[in-house]
Each structure stands twice: as C-alpha cells, then as structure tokens.
2 protein chains.
Amino acid sequence: MIVSALLTSVGINLGLFLFFLLLYSVLRKQPPNLKIYSPRLLADGTLRPEGGFGIDSLLPSPGWVRAAWAVPEDDLLASGGLDAVVFVRIFVFCLKVFSVAGAIGIFILLPINYLGDQLRDIDFSDIPNKSIDLFSISNVKDGSNRLWIHFSAAYLITGVVCYLLYSEYKFIYHKRLAVFHTSGPQPQHFTILVRGIPIQNRSSVNDTVHRFFMEYHPSTYLSHIVVHRTSKLRSLITDAENLYGRLTHLKSRSHTSENLHRGGFLGSGRKVDVVGDYAKKLENVEENLRIEQPGGSQAGEEVPAAFVSFKSRYGAAAAAHIQQSINPTLWVTEQAPEPHDIYWPFFSTSFMQRWIFKLVVLVASVALIIVFLLPVTFVQGLTNLEQLEALFPFLKGILTTAVVSQVITGYLPSLILLLLLSVVPPIMKLFSSMQGFIANSEIEKSACTKMLWFTIWNIFFANVLTGSVASQLQIFLDPKNIPSVLAVVVPAQASFFIAYVVTSWTSLSVELTRLVPLIGDWIGRHCLRCTDDGVHVPSIPYHSEIPRILLVELLGLVYFLLAPLILPFLLVFFFIGYIIYRNQLLNVYLPKYETGGKFWPIVHNSTIFSLLLMQAIAIGIFGLKKLPLASGLILPLPVLTLLYNEYCRKRFLPIFVAYPAESLIKKDREEQNDPEMNVFFNKLVTAYLEPALMPVSRPLNTNDHTTPLLSSA
Amino acid sequence: MIVSALLTSVGINLGLFLFFLLLYSVLRKQPPNLKIYSPRLLADGTLRPEGGFGIDSLLPSPGWVRAAWAVPEDDLLASGGLDAVVFVRIFVFCLKVFSVAGAIGIFILLPINYLGDQLRDIDFSDIPNKSIDLFSISNVKDGSNRLWIHFSAAYLITGVVCYLLYSEYKFIYHKRLAVFHTSGPQPQHFTILVRGIPIQNRSSVNDTVHRFFMEYHPSTYLSHIVVHRTSKLRSLITDAENLYGRLTHLKSRSHTSENLHRGGFLGSGRKVDVVGDYAKKLENVEENLRIEQPGGSQAGEEVPAAFVSFKSRYGAAAAAHIQQSINPTLWVTEQAPEPHDIYWPFFSTSFMQRWIFKLVVLVASVALIIVFLLPVTFVQGLTNLEQLEALFPFLKGILTTAVVSQVITGYLPSLILLLLLSVVPPIMKLFSSMQGFIANSEIEKSACTKMLWFTIWNIFFANVLTGSVASQLQIFLDPKNIPSVLAVVVPAQASFFIAYVVTSWTSLSVELTRLVPLIGDWIGRHCLRCTDDGVHVPSIPYHSEIPRILLVELLGLVYFLLAPLILPFLLVFFFIGYIIYRNQLLNVYLPKYETGGKFWPIVHNSTIFSLLLMQAIAIGIFGLKKLPLASGLILPLPVLTLLYNEYCRKRFLPIFVAYPAESLIKKDREEQNDPEMNVFFNKLVTAYLEPALMPVSRPLNTNDHTTPLLSSA
C-alpha cells in the first residue's frame with residue numbers, strides 16, 4: 001500500500017470516528033434515546049426519563065468523556081463486577097505495553113529502518129507506491145549491524161511484556177481474592193453440582209441423592225434440588241410471559257401512551273380487539289401449564305443431576321474436589337455456578353453424551369475456522385488490484401480512478417472483514433452451549449477461546465498466507481520452516497493490518513453509538529409502532545469483544561519489530577477503547593454473571609502466544625536478513641517465554657480455578673455466629689430451583705392476583 | 001536374514017535357555033545358593049539353610065515350574081503385593097492377546113503371504129537369502145484382494161486388544177480397591193506431605209506448621225513431623241552401621257566360621273588387629289555423631305517441609321486435594337508415600353528448584369535417548385555384513401566363514417544390544433531421583449516411563465530407521481509421511497526383531513539363574529574371602545523389566561500384520577516369562593514398596609501406542625501395496641483407538657491417582673470405634689520420623705548396650 005492510500009484510510013476513519021463521536025454526544029441527551037445509551041441507569045432508577053428539551057441538548061459536549069475517564073476503578077468494580085475491571089485492564093495493559101513499544105519503535109527502530117538503504121539501492125521506478133516499506137525492517141541492509149538493535153528490541157519488549165503481564169496477573173489475582181473476601185455469603189460457594197447419579201432399584205433421584213450425602217457427608221450436607229427436564233414447561237412459560245408482557249403493555253398504553261409518544265395515526269381503534277385476543281391466548285397457555293404441572297416438585301422428568309448445598313464453603317469445596325464414587329463417571333461433582341447464571345436447556349445430557357458432544361463441537365469449530373477462509377480469501381483479493389481486475393474485467397474502468405482504487409484497497413477489505421466477523425460469535429456461542437457447560441459464563445468463556453483461535457487464524461494467518469486452505473495448512477505440517485515462511489509473508493501485509501487497526505477505530509465508535517439497537521429502536525418506534533417501554537439492559541458480549549482486542553494486541557507485538565509505523569495507530573485504538581468501554585460499562589451494560597476475573601488467563605495466554613509468534617518471525621527475519629548469529633541467539637527467547645508462562649500457570653492460575661482452603665475457612669469462620677446466616681441458608685434451599693418450577697411472583701392472568709405456578713419444592 | 005541364520009539363532013538361544021534351566025534346577029538345591037535363589041524365604045524364616053547334600057540335589061528337577069505355575073494369584077498378592085500381580089498380569093494379558101493374534105497370524109495371514117507371488121515373480125537369484133520375506137506381507141501381490149484379509153485382521157486385533165485392555169484395567173481397578181478395603185490402617189492414608197512452608201518472623205517451621213493446621217483443620221489434624229536436612233548425619237550413621245556390621249561379623253566369625261565354611265588359609269592370625277582397628281574407627285564415628293546431634297528433634301537444619309498426620313483418611317485426603325494457601329506455591333500438599341518408601345536425599349529442594357531440576361532432567365533424558373543411538377547404529381551395522389566389511393577390512397577373511405557370519409548377523413547384535421541396555425536403567429533412575437520425587441516408588445515409576453521411551457526409540461526406531469540421528473528426527477518433523485516411511489522400513493527389519501525376541505529367551509533364563517549375583521557371591525566366597533552371611537533380599541526393578549516386556553509386546557503388535565512368523569516366538573517368550581517371573585516373585589524378590597498397581601496405566605498407554613503404530617504402518621503398507629481404499633478405511637481405526645483410550649482414562653485412571661471419598665469414608669467409619677486405632681495413632685505420630693533421627697534399637701558401640709542416637713521427637 002502506498003502512503004497516500006494509508007492516509008485516505010486514516011482520513012475516512014478519523015472522519016467517521018469524529019462524526020460518530022459528535023452524533024453520540026448529541027443523541028445521548030435526547031430523552032427517547034436514554035434507554036439506548038443509559039439503559040442500566042434507567043433500570044437502576046439512578047436516571048429518570050425527563051421530557052425536557054432545549055438548545056443545550058442539541059449541542060455536543062464532551063462531559064461524558066471526562067466522566068468515563070474520572071470514574072475510579074472501585075466504582076467500576078461495584079457496578080460491573082470484576083469481569084468489567086478485567087476487561088478494562090486489557091486496555092490498560094495494552095496501553096502500557098505499547099507506550100514502551102511505541103517509544104522504542106518510533107524513536108529508535110523507525111529512524112534506523114528509514115536510514116537503511118536496502119530498498120533505495122534498487123532502482124525503484126515506483127517508490128511512492130512502496131513507500132510504507134521504507135519504514136519497515138525490509139529497508140535495513142542485509143547483514144547490517146544495525147539489525148542488532150532490532151535484536152535487542154526483541155529481548156527488551158519480551159522482558160517488558162512479561163513484567164507487565166506478571167504485575168497485571170498479580171493485580172487481578174489479588175483483586176479476585178479481595179472480592180471473595182469482602183463478598184457476603186453467596187449460594188454458589190455453598191453448592192456443588194452433582195451429575196451422573198446412579199439410580200438403583202427404581203428409587204427416585206431425590207432419595208438417592210439424599211441417602212448418598214447423608215451417608216458420606218452427614219456433618220456438612222444441607223439440602224439438595226434435583227434437576228428436572230422442563231423444556232416443554234419452559235417454552236409454555238416463555239409464551240405466557242410474552243403474552244402477559246404485551247397485554248400489560250397494551251393496557252397501560254391506553255392510559256399513558258398519549259403523554260409520552262406522539263403520532264399514532266393507525267391502530268388505536270383496534271386496540272380493544274387485540275387486548276381480547278391476547279387475553280384469550282394467555283388463558284389457553286395457562287390451561288396447558290396447569291396440565292403440565294401436577295404440582296410440587298414432581299413436575300417434569302427427573303434428570304440424574306442435582307444441586308447439593310452444604311453448610312459451609314469448605315464442606316462444598318471438599319465434596320467438589322474429591323472424587324466421590326469408586327466409579328469416576330458417577331457422582332461427578334463440580335462447583336455450582338451462580339443461580340441466575342445457569343444455562344438450563346442442555347442440562348440433561350449424560351457423561352457419555354457430553355463427552356461426544358464435546359468432540360463433535362471441537363470438530364465443528366475447527367471446520368468452521370477453516371471453511372471461513374473462503375470469504376476471507378476473497379476479501380484479501382481486494383487489496384490486490386491486479387487480481388481483482390483479472391476476476392472482474394468489467395471493473396477495469398472504475399478501478400483506474402485513483403480515489404476508488406484507494407478506497408477499495410485501503411478501506412473496503414477491512415470493512416467487509418469486520419462485517420463478516422460479526423456473524424461468527426453467535427455461532428461459536430451456540431457451539432459452546434452444545435458442549436454441555438452448565439453456566440452462561442462458562443459458555444461465553446469457551447466461546448471466547450474459540451473466537452480467539454478463529455480470529456487469529458482467519459484474520460491474521462489467512463491474510464498473511466496466500467493460497468488455498470490446503471497449502472496454508474501445509475506450512476504448519478512442516479514446523480521447521482514456519483519462521484522463514486512467516487518472515488517472508490508477514491511483513492508484506494503490514495499495510496493491510498495498519499488499515500485494519502485504523503478501521504477498528506470506527507468499529508469502536510459504532511460500539512459507542514450502538515447503531516444497531518438505535519436504528520432498531522427507531523424503526524420500531526416510527527414504522528412498526530410497537531413501542532416497548534420496557535428497558536432492555538444488555539450484557540457485554542465478552543466472547544466477541546475480547547478476541548477483537550487481543551487480535552489488535554497480537555498485531556502490535558508482531559509488527560513492533562517489522563513495521564513500527566503501526567504503533568501510533570494502535571495506541572490511539574487502545575486509548576479510544578479505554579474511554580469508550582468504560583463509558584459503556586458504566587451506562588449501558590449490566591453484568592449477567594460474575595466469573596471473578598476468569599477471563600484474564602485467556603488474555604494472558606493470548607499475549608504469550610503473540611510473543612512467541614513475534615519471536616518466531618524474528619528468528620526468520622534475521623535469517624532472511626543474513627544475520628544467522630542473531631537468528632540463533634533469539635532461540636533462547638521462546639524457551640524463556642514458555643518457562644515464564646509455566647511459572648505464571650503455577651503461581652496464579654490455581655486461584656482462578658478454585659478458592660483455596662485458607663480463604664474458604666476464614667470466610668466460614670467469620671460468619672459462624674452471624675444470625676443472618678440462617679436467613680441465607682433458608683434461601684439457599686431453594687436458590688437452585690429451576691426458574692420454570694419457581695413460584696411466579698407477578699400475576700400471570702389478567703385478574704391481577706398472584707398465582708404461584710408451583711409451590712416451592 | 002535367511003532362514004538358516006534364523007534357525008541358528010533359535011538353536012543357540014534354545015540351547016542356552018535349556019542349559020540355564022538345567023543349571024538353575026541343580027544350583028537352586030545347593031545350600032550355599034539358597035541366599036541367591038530363595039533369599040526372601042530365608043529372610044522370612046520359611047526356609048532354613050540345611051547342610052544336607054546328596055545325589056538328589058545334583059539331579060535337575062522341574063518341581064519349581066509346577067510350583068510357580070500352581071500358586072494362586074491371591075498368594076502372589078499376599079507375598080508380592082498388587083504390583084507383583086500387575087507385573088504378572090502383563091504376561092497374562094500378552095499371552096491372551098498373542099494367542100488370538102498368533103491363531104490369526106499363523107493360520108490365516110501366514111498361508112496367504114506364502115501363497116502370494118509378488119517376490120517369486122521377480123527373478124531372485126538369492127531367494128534362500130531372502131526367504132523369511134516369503135512369509136511376510138511383502139510377498140502378497142500388489143493390489144491383491146487378499147490384502148482385505150489383512151485389513152480385517154487389523155480391525156479385529158484392535159478390537160481384541162481393546163477388549164482385553166478394558167477387562168484387564170477393570171480387573172486391576174477392582175483389585176486395587178479391594179486391597180485398599182481389606183487393608184488395615186496405614187500411615188500413608190492418614191498423612192500428607194506439605195512443602196513450601198513459609199516462615200515468618202523467625203519462628204520455626206515446627207511452630208508454623210502447628211499453627212497453620214490448628215487454625216484451618218482443628219477437627220482433623222493429629223500431629224506433624226518436620227523434615228530435617230540430615231545428609232551429614234545420614235552418612236555418619238551409614239559409616240557407623242557398616243563398621244558395626246563388620247565388627248559383629250568379625251567377632252561372630254571367630255566362633256562360627258569354622259562350622260560353616262571350609263578353607264581360610266589366610267588372615268586368621270590378623271583377626272585380632274582388624275577387630276581393634278574397626279572398634280577404634282567406630283568410636284571416632286560415634287564421637288562425630290554425638291557432636292552432630294545436640295539432642296532432641298533439633299538435629300539437622302529444618303527444611304520447610306513436613307509430614308502432617310490427620311485423624312481420618314478423609315481429613316487427610318481433603319487437605320491433600322484442596323489447595324491450602326492463597327499462594328499456590330506455598331503449602332503445597334500431596335498424599336504421603338509409605339514411610340519406608342521415602343527417598344530422603346533429595347528432599348530439601350524448594351518449589352522453584354524442583355521445577356528447574358525437572359526441566360533439566362527432561363532435557364538430559366531426551367539427550368541420552370538421542371545420543372544412545374550412536375552405539376545402536378553400530379550394532380545395527382553388524383546385521384549388515386557388507387557394511388561391516390567396509391568398516392573393518394581385516395575381518396573380511398573371518399566373515400566369509402558361514403558359521404561366523406551367521407553368528408554375527410543372527411546373534412551378536414541382539415546380545416550387544418541387551419548388554420548395552422543394562423547400563424541405562426540405573427542412569428534413568430538417577431535422573432528420576434533428581435526430579436524431586438519423594439518416594440522410591442515414584443522414582444521407579446518415572447524411570448519406567450523414561451526407559452519405555454528410551455527402549456522404543458533406541459531399539460525399535462533406531463533399528464528400523466537407518467541413517468544419522470538428524471535424518472531420523474527429520475522423519476518425525478514431517479508427520480504426513482510417517483506411515484509411508486515406516487511401511488517401507490519396518491518390514492525390512494522383521495528378521496532382526498525375530499532374532500531379538502529369540503535372544504530375549506536367554507535373557508529371561510539369565511534372570512532365572514541370577515548369574516550376576518551368583519558369580520558375585522561365588523567370587524566373594526572363594527576369592528575375596530569376605531563371607532557376608534547377611535541375606536540380601538533384592539526388590540524387583542520394575543523400571544527396567546516392564547519396558548523390556550512392553551517392547552516385545554510392541555514388536556508383536558507391529559509385526560502381526562507384516563510378518564506373522566514372529567508370533568510363535570513371542571508366545572514362547574511370554575510363556576517362559578510368566579513361569580520364571582512368578583517363580584522369582586515368590587522366592588527371590590521382596591517388594592520394597594506398594595504402589596497399588598500404579599504401573600498398570602503405563603502398560604495401558606504403551607499398548608495403545610503400539611496399536612497406533614501398528615495402524616500407522618498399516619495405512620502406509622496398504623498405500624504401498626496399491627490398495628489406497630484399504631489405506632483410507634484404516635483411518636477411523638486410530639481415531640477410535642484414541643477415543644477408547646480417552647474413555648479408559650476417564651473411567652479408570654482417577655482411581656489410580658487417589659482413592660474416592662466413598663472408600664475413604666467407609667474405611668474411616670469401620671474403624672471409628674476400634675480400640676486398636678489408638679495404638680495406631682500413637683505409632684503414626686512418629687511413623688514419618690527420618691531414619692537418621694530415629695532411635696537406634698541395636699547397640700552401636702562394642703559395649704553391647706542400647707544407645708538411642710536420639711530421643712524420639
């Protein structure tokens with residue numbers, strides 16, 4: 001890519017970014033948009049929808065930036081949980097890393113690259129068209145001693161990243177323990193999930209569980225709840241809830257809609273019929289529900305799984321850690337997730353089924369990752385004008401226009417890639433949910449890892465390695481040549497990835513303005529007329545956001561040595577991201593679950609992978625640049641990095657898997673004589689009751705009196 | 001190899017085998033050899049050395065074979081522990097596998113191979129020199145449909161092996177649990193080892209441990225013993241013990257030596273001086289010992305490690321399974337080994353040290369495995385006469401003699417290999433002991449795995465793949481071509497491995513006659529005159545024996561398809577092995593420790609590896625034989641095998657790692673009201689005291705009164 005194309009890309013994206021920023025500054029003050037831009041504050045009741053309208057609300061103001069910047073981390077922790085803090089710490093960590101890397105890259109490596117004359121020696125007729133390469137390592141003379149500076153930079157940045165990783169891991173490790181120590185009693189710490197309960201002599205699961213835990217854990221066992229297969233019940237309840245929601249909405253609307261909303265030249269007359277319709281439907285559904293539920297906890301088929309609660313955290317942990325049965329596939333225990341975090345639909349799978357599903361999902365994910373290369377290869381073709389012209393000869397005329405060709409090479413490919421990518425996270429999440437995880441948090445964590453591999457393979461490797469899927473896989477079957485192959489192909493795509501980072505600015509601002517919900521809401525209000533007053537507070541989709549950020553980090557580390565020109569753009573990206581996501585986490589997203597920072601190990605591993613990739617490419621590039629000694633002396637670096645990673649795994653990871661006895665017992669003892677614990681234990685007994693079997697506290701039928709669907713088990 | 005060379009080899013080995021068998025039948029009846037052939041019976045007191053000598057004792061008799069055959073497994077379990085049973089089950093398992101494989105191989109595959117005419121078509125001038133190949137798959141015509149029988153055989157044998165593996169794993173799994181359930185209270189089940197104890201404020205390790213466990217496990221904690229750094233003390237005590245042993249021996253000899261031993265024309269006069277010398281030395285050593293031990297448990301430097309005993313098995317297991325400290329590198333717990341199984345010398349290494357040692361040992365082991373290829377390559381050259389002649393031209397005259405050349409190609413290489421191999425197990429054991437294992441059993445288990453890799457690489461792969469180390473490793477760097485490469489080179493070495501199996505007969509009979517201890521004892525008695533009357537009862541070196549047997553199993557599975565001619569020789573090997581090792585386990589070896597069958601997972605994994613290797617070669621060979629469809633249809637087989645292995649890992653392996661809560665609690669409850677438990681707990685308090693700090697119950701100095709080295713801690 002030539003410098004002018006890069007500048008076009010930067011220009012377009014900067015323009016878009018600033019436009020979106022202004023748009024946000026204005027839109028966020030409009031009362032109807034409050035439920036888009038501050039839904040969690042609305043839901044909290046912190047913010048009230050005010051009808052006020054003035055000139056002031058049409059002027060953009062940067063107040064929100066200051067607010068997002070100034071909020072202390074503890075407030076973020078309180079409002080978004082540790083996961084939100086960890087998410088923001090990714091930006092902090094990257095800002096730290098790339099401040100150092102940027103300083104080295106821009107003030108040391110870039111001048112050296114530019115002053116090298118490898119590319120000037122050759123009589124280039126079209127230097128302007130290659131000019132970005134002048135700032136890259138390609139321009140340093142082969143065998144030049146100046147490459148030793150690059151060599152030192154590789155060691156230095158590895159050291160800096162490892163140091164920062166360590167301190168960050170330690171910080172989150174302490175935060176995780178602190179959150180645990182300061183939290184009140186929580187059901188998930190007292191409860192384990194038992195699966196693979198063997199049923200003998202036609203006794204019920206309920207009795208079997210009770211007998212087993214009364215026999216082996218009499219002193220700590222508190223209660224249990226058997227899981228039921230309630231898919232039919234669940235769908236009926238969802239129907240009923242939807243109908244009820246619409247009904248109440250329609251009714252309330254007849255009183256209040258005039259005050260809040262204008263317009264309404266359609267439908268007002270039909271309202272009464274609609275209400276009648278809904279009421280009738282709701283009655284039918286309720287009838288079905290009553291048939292399905294014979295009463296008590298007998299509803300639905302018993303699944304050989306149960307949530308077993310204990311009287312102490314340590315008792316639960318001991319039962320979860322020690323294999324219970326002499327047959328390891330029976331009485332399989334694990335720590336329970338938060339009650340509201342449980343993913344019920346796929347609950348009823350057995351040990352073997354879960355295992356087979358896991359394998360199937362693994363194969364499916366790998367297949368998706370590989371097959372997705374086809375569209376990516378097409379996008380990649382766009383950066384190569386000649387190829388495009390050969391493919392679509394009729395475009396020849398248009399492509400010769402300078403602006404068009406620059407837009408196509410500089411902007412379009414990244415945009416298409418970003419759009420394509422937005423389809424994948426839901427698929428990966430579906431895959432993960434089929435794997436038999438019992439908690440939404442675990443599903444998203446697993447989907448996050450899948451997405452990370454997907455992103456690295458389909459964005460980084462697919463764009464770097466040309467040719468068919470088979471020929472790309474071929475390279476990884478010959479591990480010895482990987483460094484030299486990468487050293488040739490990775491620098492060639494520097495300009496593409498600079499453009500990618502720049503485009504990511506825009507995608508961040510799209511995140512800020514929440515274009516999709518905004519447009520959806522607008523269409524709903526003005527065209528479909530279905531004004532849903534309920535505020536929908538979304539949760540942040542970590543599984544799609546984290547891999548995107550980690551990819552940018554990977555690009556930064558990989559291109560730090562090769563093309564340091566990318567670093568300033570990266571710094572801007574992380575800075576914008578820091579502000580925007582802090583704002584969103586405070587105003588928009590409500591955490592759906594709390595993993596206590598379990599996403600950090602993914603970030604850590606990904607960073608280590610990026611370092612290793614950087615080092616592998618360094619080995620290749622020094623070989624290519626005819627400095628074999630440097631190439632050989634880089635070899636200890638990956639070994640040291642892996643050892644360092646192994647150390648971190650031993651030092652920090654266990655705490656992210658389970659809490660230690662010391663913490664558990666300390667907490668148990670603190671609460672030993674707390675009278676409130678009895679209240680908690682009373683609640684704990686029903687905490688893990690499936691929502692479908694839970695007593696419903698709001699009126700289900702239109703007579704407005706509370707009808708519990710079921711009495712508590 | 002030609003058939004005549006094979007027959008020579010079989011002849012020599014059969015002759016040697018029978019000779020050793022006769023030798024054993026005679027020698028075992030000679031009273032002075034009792035301590036060689038029945039040391040454990042002597043030590044037990046079951047057998048008394050009798051002076052009787054008659055013609056009868058010079059006649060060979062097969063009584064011992066009947067005895068070894070007839071002893072029921074329960075007796076073996078009682079005398080050698082579960083490890084001995086597992087060891088013998090390897091033979092039983094292999095006999096079962098190769099009975100089926102042998103039937104298929106000899107009655108179906110062999111005739112088909114022989115009736116093929118691939119090799120006859122070509123005008124071979126020296127068919128007799130290649131004749132073994134006529135019985136191998138090489139002789140089946142390329143693309144022949146008869147190869148589908150081989151194809152079916154591959155599926156069939158995989159199924160049979162998997163079925164037998166499953167039932168064997170299940171058998172040992174139940175045996176392991178049964179042994180646990182029937183055993184009395186044992187210190188190792190009540191005790192954990194804690195390492196990485198943090199010491200604060202200059203308090204002693206002793207106090208820190210006491211405080212920690214009193215705080216966090218007050219209801220189950222019983223007592224603890226801090227480990228001390230006592231290497232100096234230990235060496236002094238060893239000196240003292242040696243001196244004391246010699247002294248008592250010299251003294252007693254002056255009374256009894258005339259009765260038991262003849263000869264003695266030297267030294268009787270010097271005896272008094274020698275006794276004086278020893279007494280003086282012993283006094284010096286004792287003086288040093290007293291200086292080293294200021295008294296009490298304060299002796300030696302405290303190591304931040306301790307054995308902590310609990311009041312119940314479940315309490316110990318809970319403490320061992322749950323991470324104790326918020327810093328996972330501190331208070332690292334694991335289940336303690338048997339008290340007499342502890343390996344003290346390398347005890348004092350810290351978390352980081354152990355980790356680094358582990359890495360160093362890993363590198364050293366891999367280096368040894370690879371470097372050892374040099375002598376193996378030389379041996380391999382011996383099977384290739386031309387190569388040998390080129391290397392040593394002066395041998396040309398000798399090598400042309402038919403007998404010499406047949407001995408060299410048929411027998412010598414295997415013999416040298418076996419001799420070379422005997423050096424490696426001690427080295428591997430040393431490596432393992434440096435890795436920071438705390439028990440001899442764990443050291444031997446780790447050495448067993450190392451030896452297995454060593455054996456498979458240096459015997460199988462090194463002999464199969466020709467060329468330098470680098471070129472051999474090259475093959476594994478290109479995984480796609482492994483099957484086709486192996487399919488070419490493995491069948492070519494069939495004759496070498498048949499000879500290897502045949503030579504192993506002799507090595508089994510050497511095991512039976514215990515040549516080395518026998519000769520050592522003979523030299524000691526007749527030349528050096530140092531008659532040590534103490535019976536030395538050896539323990540069986542599982543780490544060198546198991547890999548040897550597993551290699552033969554691997555050869556059997558790999559060559560089952562290629563050259564079924566090997567199978568009868570294998571069956572003989574396993575049958576002989578079964579008889580001989582049962583005899584040795586009953587008469588010679590005394591178990592040094594009891595792992596409860598933990599060696600079986602190694603056998604299982606090795607068998608799975610053999611199956612995978614067989615399948616990989618099958619893929620290659622069907623490709624080579626121009627039957628690509630069969631080659632493709634074999635592909636599901638390794639996948640299924642791996643899935644099967646994964647299932648076994650989940651189903652059985654956990655029990656071999658730790659006992660489940662169900663068993664632990666059941667045992668605890670049974671003994672709850674047993675009055676003998678108090679006696680046991682009293683003993684438990686000092687069970688893990690280091691031998692060097694233990695009160696010595698025999699007199700140390702010549703005054704014959706008991707001097708406890710130290711009062712109990």
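In chain B of this predicted model, four strands make up an open, antiparallel sheet whose order is E2-E3-E1-E4. Strands E2 and E4 (332-335) of chain B are the edge strands, each pairing on one side only. Direction ignored, neighbouring strands of this sheet are turned by 30° against each other on average.

**The sheet in chain B**

Strand E2 of chain B covers residues 221-229, and seven of its nine residues are buried, so E2(B) is largely enclosed by the rest of the structure. Its partner is strand E3 (residues 301-310) of chain B; the two are antiparallel and are joined by seven bridges. Within this pairing, Ser223(B) has Ser309(B) of E3(B) as its bridge partner, and Arg229(B) stands opposite Glu301(B). In a regular strand the side chains alternate between the two faces of the sheet.

**The sheet in chain A**

Chain A contains 33 helices and four strands. Of its 713 residues, 42% are buried. Counting contacts in chain A between residues at least 6 apart in sequence, 82% join residues at least 24 apart.

The four strands of chain A form an open antiparallel sheet in the order E2-E3-E1-E4. Strand E2 (221-229) and strand E4 (332-335) of chain A lie at the edges with a single partner strand each, so one side of each has no neighbour in the sheet. From one strand to the next the twist averages 30°. E2(A) and strand E3 (residues 301-310) of chain A run antiparallel and are joined by seven bridges. In this pair, His228(A) stands opposite Glu302(A) of E3(A). Helix H10 (residues 205-216) of chain A packs on the sheet, where it touches strand E1 (191-195), E2 and E3 of chain A. The direction of H10(A) makes about 155° with that of E2(A).

| Residue | Residue opposite, in E3 |
|---|---|
| Arg229(B) | Glu301(B) |
| His228(A) | Glu302(A) |

**Trp331 in both chains**

Trp331(A) lies in the loop between helix H13 (313-321) and E4 of chain A. Its phi is near 50°, a positive value in a residue other than glycine. Trp331(A) has 25 C-beta neighbours inside 10 Å and therefore counts as buried, the threshold being 20 or more.

In chain B, Trp331(B) is placed in the loop between H13 and E4. Phi of Trp331(B) is also positive, near 50°, and the residue is not glycine. With 25 other C-beta atoms within 10 Å, Trp331(B) is buried.

**Helices H8 and H30 of chain B**

Two packed helices are described by the angle between their axes and the distance between the axes. For helix H8 (residues 147-182) of chain B and H30(B), the axes come within 11 Å and cross at roughly 5°. H8(B) and H30(B) are therefore roughly parallel to each other, a term that applies to angles under 35 degrees. On the H8(B) side the contact is made by Ala154(B), Tyr155(B), Thr158(B), Cys162(B), Tyr166(B) and Tyr169(B). H30(B) contributes Leu637(B), Thr641(B), Tyr644(B) and Cys648(B). By class, the residues of this contact are eight nonpolar and two polar, with no charged residue.

**The interface between the chains**

Contacts between the two chains involve 26 residues of chain B and 26 residues of chain A. Four helices of chain B each supply at least two residues of the side that touches chain A: H13 (313-321), H30 (636-651), H31 (653-657) and H32 (661-670). H32(B) gives the most, with four residues. The side of chain B that touches chain A has 15 nonpolar, six polar and five charged residues.

Two copies of a chain are related by a rotation about an axis and a shift along it. Here, chain B is superposed on chain A by a rotation of 180° with 0.0 Å of shift along the axis, at an RMSD of 0.1 Å. This is the relation of a two-fold axis. Of the interface residues of chain B, 100% are also interface residues in chain A, so the copies meet through the same surface.

How values were computed. Residues numbered from 1 in each chain as written. Chains lettered and ligands numbered in written order. Predicted model: local features only at pLDDT ≥ 70, side-chain atom pairs only at ≥ 80, totals over all residues. Buried ≥ 20, exposed ≤ 12 C-beta atoms within 10 Å, placed from the backbone. Pairing = 2+ DSSP bridges. Axes fitted to C-alpha atoms, helices over the stretch in contact; angles between N-to-C directions. Contact = placed C-beta atoms within 7 Å. Nonpolar A, V, L, I, M, F, W, Y, C, P; charged D, E, K, R; others polar. Least-squares fit on C-alpha atoms with pLDDT ≥ 70 in both. Parallel < 35°, antiparallel > 145°, perpendicular 65-115°, else oblique.
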